Amino acid sequence: IRADMPMCVLSNKPHAYTLQTVDALCAPWPFVKVLGQREGTPRKPDPAAALHLAARMKCSPADIAFIGDSEVDMHTARNADMFAIGVNWGFRERDEIEKAGANAIIDRPEELLPLIGINP
């Protein structure tokens, strides 16, 4: 991933737990914002938090790849008018992600690069 590519994390897990997890597992990558579930913010698949993150990244929703491993993630992306990319190694099976409206599904992390405009 390019150093200048803004990235965020959005989870339905509790906010404090999300921050701890991202700090422990993703410290090398700079995220514009990391958000877990917080009081007063609707949970995914409501698009409110995803749209908030788009604004924080100064990006149009149409220019954002929303990457996730569940039908809730795919619905969130579609509800926010973002490009929905499902990963086939997470929470749900491929057919559930397909049925939820993924624009693309990847089986390996390196398959993400061409989808977001990076030629390896």
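Let's start with Ala84: this residue is buried, with a relative accessible area of 0%. Buried here means under 20% relative accessible area, with exposed over 50% and partly exposed in between, using a 1.4 Å probe on protein chains only.

A word on the source. This is a predicted model, where local features need pLDDT of at least 70 and side-chain atom pairs count only at pLDDT 80 or more, while totals for chains, interfaces and linings use all residues. Residues are numbered from 1 along each chain as its sequence is written, and side-chain values use heavy atoms, with hydrogens and water left out.

Back to Ala84. It sits in strand 4 (83–87). Strands are DSSP runs of E, at least two residues, and helices are runs of H or I, at least four, numbered from the N terminus. Four of the five residues of strand 4 are buried, so the strand is largely enclosed by the rest of the structure.

What is Ala84 in contact with, leaving aside neighbours within four places in sequence? Phe66, Met74, Ala77, Arg78, Gly101, Ala102, Asn103 and Ala104. Contact means heavy atoms within 4.5 Å. Arg43 is 41 residues from Ala84 in sequence, and 17 Å away in space, C-alpha to C-alpha.

Strand 4 also has a partner. Strand 3 pairs with strand 4 in the parallel sense, over four bridges. Pairing needs at least two DSSP bridges between the strands. One example: Ala65 has Phe83 as its bridge partner in strand 4.

Next, Ser70. This residue is in the loop between strand 3 (65–68) and helix 3 (71–79). Ser70 is buried, at 7% relative accessible area. Its side chain reaches the backbone nitrogen of Val72 at 3.3 Å. Beyond four places in sequence, Ser70 is in contact with Phe91 and Arg92.

Now Lys44. Is this lysine buried or exposed? Lys44 is buried, with a relative accessible area of 12%. Its place is the loop between strand 2 and helix 2. The side chains of Lys44 and Asp73 are joined by a polar contact of 2.6 Å. A polar contact is a pair of N or O atoms within 3.5 Å; within protein, one must be able to donate a hydrogen and the other to accept it, and residues adjacent in sequence count only if both atoms are side-chain atoms. Not counting residues up to four places away, Lys44 touches Leu10, Ser11, Asn12, Phe66, Val72, Asp73 and Thr76.

The largest pocket has a volume of about 1,700 Å³. Of its 49 lining residues, the closest to the centre are Cys8, Val9, Phe31, Ile67 and Gly68. Strand 1 gives the most to that lining, with six residues.

There is one cavity of 30 Å³ or more. Lys44 is among its lining residues, as are Arg43 and Leu10. Strand 1 gives the most here too, with three residues.

How are these spaces defined? On a 1 Å grid over the protein atoms alone, a cavity is a set of points where a 1.4 Å probe fits but cannot get out; a pocket is an open set with protein on both sides within 12 Å along at least five of seven lines; lining residues have an atom within 4 Å of a point. Grid points are joined across faces, edges and corners, and a volume is the space filled by probe spheres set on the points.
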